[in-house]
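The sequence and the structure are shown first.

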Amino acid sequence: MTSSSPLAVALISGGLDSMVAAAAMRDRGYRLLALSVDYSQRHQVELAAARRIAVSLGAEQHIVLQLDLRAFGGSALTADIAVPKEGVGLDIPVTYVPARNTIFLSLCLGWAEAAGARDLVIGVNALDYSGYPDCRPEFIAAFEAMAVLATKAGVEGDALTIHAPLQHLTKADIVREGARLGLDMGVSWSCYDPAPGGVHCGRCDSCRLRARGFDEAGIADPTVYAVRP
């Protein structure tokens, strides 16, 4: 990889999916800028994970942007609402943060245009996920179309591309891809509600999906859970 290699802005949440998605872009020959958002989520441990991931992937710059979404509330991750611990039903769960990926991709888009990058990467997945509407392929396609209309680069014919390389993978597939890329997946963080001692609770939906992914992939799970899912 050289200074002439293409540049991509990667959204790094600290989670497994964003780590693998960014690493997949690096594997394709992209240099990385990493963007994380401190939106006053209920746990800061994922931002510590994001910093570790950005370093491990060799990101040329890592910005942790402050954006206090507690002012809006409406989610168990930004308000005093209990995180579900017994699995979720068919409805969109209360861990959904209103319009989060729209907001985050907009920030990513702004940095990409300013930095001269024409590629954005996000680790959304529409198979083994919690049913969030802003993880669907339709959303990614619509945002990419909007980005053409909303930016100077797009209007001038230098359109930006949104990459979601994990979009159609199961969680087991994502774990296998992380292993293929040689990632230390233990540095990532998935839990919505950390247990005392700073370990994964093992009961929230995100912990369940993570544990099942490692189990189905047949790869040892490096995660420390308070209760094994």
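## Aromatic pairs

Tyrosine 39 and phenylalanine 104 are both buried in this predicted model. The structure holds 3 aromatic pairs, and tyrosine 39 and phenylalanine 104 form one that is tilted, with 5.5 Å from centre to centre and 55° between the planes. This pair links distant parts of the chain: tyrosine 39 belongs to the loop between β2 (31–38) and α2 (45–56), whereas phenylalanine 104 belongs to helix α3 (residues 100–115), 65 residues apart.

Phenylalanine 139 and phenylalanine 143 form a tilted aromatic pair, at 6.2 Å centre to centre and with 55° between the planes. These two phenylalanines lie in helix α4 (residues 137–150), and because they are 4 residues apart there, about one helical turn separates them. Phenylalanine 139 and phenylalanine 143 are both buried.

The parallel strands β2 and β3 are joined by 6 bridges. Leucine 35 stands opposite isoleucine 63, a residue of β3.

In soluble globular proteins, nonpolar side chains tend to be buried together. Here the largest nonpolar core has 41 residues, and those with the most contacts inside it are Val9, Leu105, Leu120, Ile122 and Ile140. The elements β1, β2, α3, α4 and α7 each give two or more residues to this core. Helix α3 gives the most, with 6 residues.

How is isoleucine 122 surrounded, and which residues does it touch? With residues up to four places away in sequence not counted, isoleucine 122 touches Leu11, Ala21, Asn101, Leu105, Ile140, Ile162, His163, Ala164 and Pro165. A second, separate core has 29 residues, including Met19, Val20, Leu32 and Val187.

The whole structure contains 12 salt bridges. One of them joins aspartate 17 and lysine 171, whose closest N and O atoms are 3.0 Å apart. The pair links distant parts of the chain, with aspartate 17 in helix α1 and lysine 171 in helix α6 (residues 171–180), 154 residues apart. Aspartate 17 and lysine 171 are both buried.

The side chains of lysine 85 and aspartate 193 also meet in a salt bridge, at 3.0 Å from N to O. Lysine 85 lies in the loop between β3 and α3, and aspartate 193 in the loop between α6 and α7 (205–217); the pair therefore ties together parts that are 108 residues apart in sequence. Are these two partners buried or partly exposed? Since buried means under 20% relative accessible area, lysine 85 counts as buried at 17%, whereas aspartate 193, at 21% relative accessibility, counts as partly exposed.

In helix α6, arginine 176 and aspartate 173 are 3 residues apart, so about one helical turn separates them. Their side chains meet in a salt bridge with an N to O distance of 3.0 Å. Arginine 176 is partly exposed at 37% relative accessibility, and aspartate 173 is partly exposed as well, with a relative accessible area of 28%. Salt bridges that share partners also join Asp27, Glu177 and Arg180 into one network.

## The segment before β1

Serine 5 is placed in the segment before β1. With a relative accessibility of 12%, serine 5 counts as buried. Which residues does serine 5 contact, once neighbours within four places in sequence are left aside? The contacts of serine 5 are then with Gly29 and Arg31.

Technical notes
Residues numbered from 1 in each chain as written. Predicted model: local features only at pLDDT ≥ 70, side-chain atom pairs only at ≥ 80, totals over all residues. Heavy atoms only, no water. Phe/Tyr/Trp six-rings, centres within 6.5 Å; stacked < 30°, edge-to-face > 60°. Buried < 20%, exposed > 50% of the residue type's maximum accessible area, 1.4 Å probe, protein only. Pairing = 2+ DSSP bridges. Salt bridge = Lys/Arg side-chain N within 4 Å of Asp/Glu carboxyl O. Contact = heavy atoms within 4.5 Å. Core = buried A, V, L, I, M, F, W, Y, C linked by side-chain atoms within 4.5 Å.
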